[in-house]
Amino acid sequence: MTTSEQSMRMRLAAHKSWSTTTDRSARTEAARRASHHTRFLNKARELHPQATDAQIEAAASSLRKAHYTELALKSAQSRRIKSERAKEEKRIRQRDEIARLKDGIAAA
């Protein structure tokens, strides 16, 4: 079996499995909590061991918002740098093209 066929079989199995699921949100709730929410709750408990549950929830919420804001900042910086590089490369190509044209006119 090729990797393409194997991929299609796995996709088919996933579609069949999801077709029998009536409450998609309930099916994925445990994974959502384990992967995101729990991490921030654990960090908040570590930072504030004497805090109440409400205080832990508030701290976890702030930690989560800080995390995603940091990711957004890094993404924006990366896009800006990529754009600046592309603009600089375009300027260099244009400058080189102008120089070639001038050299062509001077040689004629």
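Contact means heavy atoms within 4.5 Å. By that rule, isoleucine 56 touches Leu41, Ala44, Arg45, His48 and Ala51, leaving aside residues up to four places away in sequence.

## Basis of the model

This is a predicted model, in which local features need pLDDT of at least 70 and side-chain atom pairs count only at pLDDT 80 or more, while totals for chains, interfaces and linings use all residues. Residues are numbered from 1 along each chain as its sequence is written, and side-chain values use heavy atoms, with hydrogens and water left out.

## Overall form

The chain holds three helices and zero strands, where helices (H or I, at least four residues) and strands (E, at least two) are DSSP runs numbered from the N terminus. Read from the N terminus, the order of elements is α-α-α. The chain is more spread out than a compact globule, because its radius of gyration is 27 Å, well over the 13 Å that the globule rule gives for 108 residues. That radius is taken over C-alpha atoms, and the rule is 2.2 Å times the number of residues to the power 0.38. Along the principal axes, the C-alpha atoms fill a box of roughly 80 × 50 × 20 Å.

## Surface and charge

The accessible surface of the chain is about 9,300 Å², and 56% of this belongs to carbon and sulfur atoms. Such areas come from the Shrake-Rupley method with a 1.4 Å probe; for residues, only the protein chains shown count as cover. Of the 108 residues, 7% are buried (buried is under 20% relative accessible area, exposed over 50%, partly exposed in between; 1.4 Å probe, protein chains only).

The chain has 24 positive and 13 negative side chains, and the centres of the two sets lie 3 Å apart. Lys and Arg count as positive and Asp and Glu as negative, without His and the chain ends; each charge is placed at NZ of Lys, CZ of Arg, CG of Asp or CD of Glu.

## The largest nonpolar core

Six residues form the largest nonpolar core: Phe40, Leu41, Ala44, Ile56, Ala59 and Ala60. A nonpolar core is a set of buried Ala, Val, Leu, Ile, Met, Phe, Trp, Tyr and Cys residues joined through side-chain atoms within 4.5 Å.

Alanine 59 sits in helix H3 and counts as buried because its relative accessibility is 17%. Beyond residues up to four places away in sequence, alanine 59 touches Ala44 and His48.

## Two other residues

Asparagine 42 lies in helix H2 and is partly exposed, with a relative accessible area of 43%. Threonine 22 is in the loop between helix H1 (3-19) and H2; at 81% relative accessibility, threonine 22 counts as exposed.
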